[in-house]
Amino acid sequence: QVQLVESGGGLVQAGGSLRLSCAASGSMFSVNVMGWYRLSPGKERELVAAITSGGRTNYADSVKGRFTISNDNAKNTVYLQMNSLKPEDTAVYYCAAGRVPGDLSWGRGTQVTVSS
């Protein structure tokens with residue numbers, strides 16, 4: 001099992017930047033993919049970005065060119081650098097990790113609020 005703790009959320013004006021971190025603890029032997037999801041009231045949960053243990057990345061179309069996901073396997077940490085933030089990026093951002101995307105462990109989330 002793995003435990004995930006997010007940090008780095010906050011309030012920022014449109015056009016600003018935030019960097020989210022997700023620190024993982026526990027056994028990591030089965031973790032092949034880590035990613036960030038977000039959830040806003042009235043919207044479906046959205047995969048924002050994902051990264052495999054080998055470094056392959058995937059992004060939602062809405063954040064391509066603005067967000068960058070990275071990982072540090074030695075530190076068991078994944079990051080999400082968010083630039084050029086827009087009000088529609090406002091959401092609770094959740095870190096997830098697991099062997100396969102369909103079987104994930106979840107963090108408790110961190111709030112990101114972007115004002116216009």
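How many bridges join β4 to β5, and do they run parallel or antiparallel? Keep that in mind as you browse these close-ups of a predicted model.

**View 1. β4 and β5 pair up as a hairpin.** Six bridges hold the two strands together, and the strands run antiparallel. Look for R38, whose bridge partner in β5 is E46. Between β4 and β5 you'll find six residues, and G42 in that turn has a positive phi of about 80 degrees.

**View 2. β5 also forms a hairpin with β6.** Here three bridges do the joining, again with antiparallel strands, and β6 covers residues 57-59. I51 sits opposite T57 of β6. Four residues separate β5 from β6, and in the turn G55 has a positive phi of about 100 degrees.

**View 3. One disulfide is found in the structure.** A disulfide is a covalent bond between the sulfur atoms of two cysteines. This one links C22 with C95, with 2.1 Å from S to S. C22 belongs to β3 and C95 to β9, so the bond ties together parts that are 73 residues apart in sequence. The torsion about the S-S bond is about -85 degrees, so the disulfide is left-handed. Both cysteines are buried.

**View 4. The largest nonpolar core has 28 residues.** The members that touch the most others are M34, W36, L80, M82 and Y93. Zoom in on L80: leaving out residues up to four places away in sequence, its contacts include W36, V48, F67, I69 and Y93. A separate core of five residues has V33, A50, A96 and L104 among its members.

Conventions
Residues numbered from 1 in each chain as written. Predicted model: local features only at pLDDT ≥ 70, side-chain atom pairs only at ≥ 80, totals over all residues. Heavy atoms only, no water. Core = buried A, V, L, I, M, F, W, Y, C linked by side-chain atoms within 4.5 Å. Buried < 20%, exposed > 50% of the residue type's maximum accessible area, 1.4 Å probe, protein only. Contact = heavy atoms within 4.5 Å. Disulfide = S-S within 2.5 Å. Pairing = 2+ DSSP bridges.
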